[in-house]
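Subject: Structure handover

Hello,

Here is the structure I promised to pass on. Please open it first, then read the notes below.

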Amino acid sequence: MTPEETPSAVRDARLDRPAAKPKPKKGAKETLGAAELKRRRRKKATLGAIGLILLAIIAILIYRALTGSTPLPGIPEKLPHYSSSIYDVSQPMDVAVSPDGNRVYVTETGGKRLVRVYDSSGHLDGSLFPPGGRKNLWRMPVYVAVSPTTENVYVSDRIREDVEVYSPEGKFLHSVKPRGRLGKDANPLGLAFDSDGKLYMTDVGGGRRRHRVLVFGDAVGKKPKPLRALGKRGMFWFPNGLAVDSGGYVYIADSNDGRLITLNPQGKPASSVVRGVSDGDLGLPRGVAIHDGKLYVVDTMSHTVKVYGVDEGADKPPSYIGSFGVQGVGNGQFRFPNGIAVAPDGTIYVTDGENDRIQVWKY
């Protein structure tokens, strides 16, 4: 091939070839690879995060299945929020709810010193008072409890030093004055029932060394003999509210000692929450309630309600969850709260003594 033929031959040969790809600029290939790598890393991280969330959900479900309603450690438990208030009551001390949740009983230590009866919407249905008429103020109702078996209403009276019993319809039935060796000189204060209908009563008569808890059978007559007494001599100092869980453990607000004591079904100390300034410590505990694996303790001097997780029927100490309410006069604020009750649906009632109202809290 001569030099004159070369341009034409090369031209023809190039026409038969595929077009050459443009040469990328220097660094473009490397930039494209880095972007792809970054995209893949993001995708991998996203899938990993989703996987961790799924594992966490599975862990929570397994943990709750094994332990009931106890929250998973490290995950904050939900606390109730303020819902409403019931007014027109003077210095309420304690509150109780009927087994069906339709009636709310409130002891009024000021004013007419009656037991006010409200429906679940907060409307006044009537009042309970012992014989002697409304004008006879020789009475001071303090704590109230409702039998889960008969639905009779039991009210402790500090002046009369007895327990007044009313029917579900509000009729006065009789007064309870304990007798026998264990019941001698008893002065009733806090009241609670277990699921079998046995009555538990804190007794503050006869001096500090005799402060204790008395247990009665499910048929409480006018002069019942206590089945047994709980608490060694000197263990309690003005025990107030108390509650009994499904396993027979008794939670007692040992008020003047500033602590909560748990007794096992045999009456032996199982655990306690002490007085102090750390999270979960108590100052002046009064009202106590237990519902759905949660223990509620009214701390009067702290103007709050403290919430603990409990394994009902076990020796494990209560685990502090948090508190609700602060000192004040506004909604959701307390001035010396005292009593507490939880309805079957989880609605919480707290007597806000110096604000002359009952506060309603819900989840």
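Start at F336. F336 is partly exposed, with a relative accessible area of 36%. The terms are these: buried means under 20% relative accessible area, exposed means over 50%, and partly exposed lies in between (1.4 Å probe, protein chains only). F336 sits in the loop between strand 23 (333-334) and strand 24. F336 has a positive phi of about 55 degrees, although it is not a glycine. Most residues other than glycine have a negative phi.

Two notes on the source. This is a predicted model, where local features need pLDDT of at least 70, side-chain atom pairs count only at pLDDT 80 or more, and totals for chains, interfaces and linings use all residues. Residues are numbered from 1 along each chain as its sequence is written, and side-chain values use heavy atoms, with hydrogens and water left out.

R113 also has a positive phi of about 55 degrees without being a glycine. R113 is in the loop between strand 3 and strand 4 (115-119). Its relative accessibility is 25%, so R113 counts as partly exposed.

Is strand 8 (residues 162-166) largely enclosed or open? Five of its five residues are buried, so strand 8 is largely enclosed by the rest of the structure. D162, E164 and Y166 point one way, while V163 and V165 point the other way.

Strand 8 pairs on both sides listed here. Strand 7 (residues 153-157) and strand 8 pair in the antiparallel sense over five bridges. Pairing requires that DSSP finds at least two bridges between two strands. V155 has E164 in strand 8 as its bridge partner. The hairpin of strand 7 and strand 8 has four residues between the strands, and E161 takes a positive phi near 55 degrees there.

Strand 9 (residues 172-176) runs antiparallel to strand 8, and four bridges join them. V163 has V176 in strand 9 as its bridge partner. The hairpin of strand 8 and strand 9 has five residues between the strands, and G170 takes a positive phi near 95 degrees there.

**Salt bridges**

How many salt bridges does the structure hold? There are 13. A salt bridge is a side-chain nitrogen of Lys or Arg within 4 Å of a carboxyl oxygen of Asp or Glu. Side chains of opposite charge can pair when their charged atoms come close.

- E164 pairs with R160, with the closest N and O atoms 2.7 Å apart. E164 is buried, at a relative accessible area of 2%.
- R103 pairs with E151, with the closest N and O atoms 3.1 Å apart. R103 lies in strand 3 (residues 103-108) and E151 in the loop between strand 6 and strand 7, so the pair ties together parts that are 48 residues apart in sequence. R103 is buried, at 18% relative accessible area, whereas E151 is partly exposed, at 26%.
- R357 pairs with D352, with the closest N and O atoms 2.7 Å apart. Both R357 and D352 are buried.
- R208, D254, D257 and R259 are linked in a network of salt bridges.

**Pocket and cavities**

These come from a 1 Å grid over the protein atoms alone: a cavity is a set of points where a 1.4 Å probe fits but cannot get out, a pocket is an open set with protein on both sides within 12 Å along at least five of seven lines, and lining residues have an atom within 4 Å of a point. Points are joined across faces, edges and corners, and a volume is the space filled by probe spheres set on the points.

The largest pocket has a volume of about 790 Å³. Its lining has 34 residues, of which V146, F193, V244, I290 and V342 lie nearest the centre. Strand 18 gives the largest share of that lining, five residues.

The whole structure has two cavities of 30 Å³ or more. The largest cavity holds about 50 Å³ of space. Of its 13 lining residues, P130, P141, V155, D157 and Y166 are the closest to the centre. Strand 7 gives the most to this lining, with three residues.

Best wishes

Terms used:
Helices (H or I, at least four residues) and strands (E, at least two) are DSSP runs, numbered from the N terminus.
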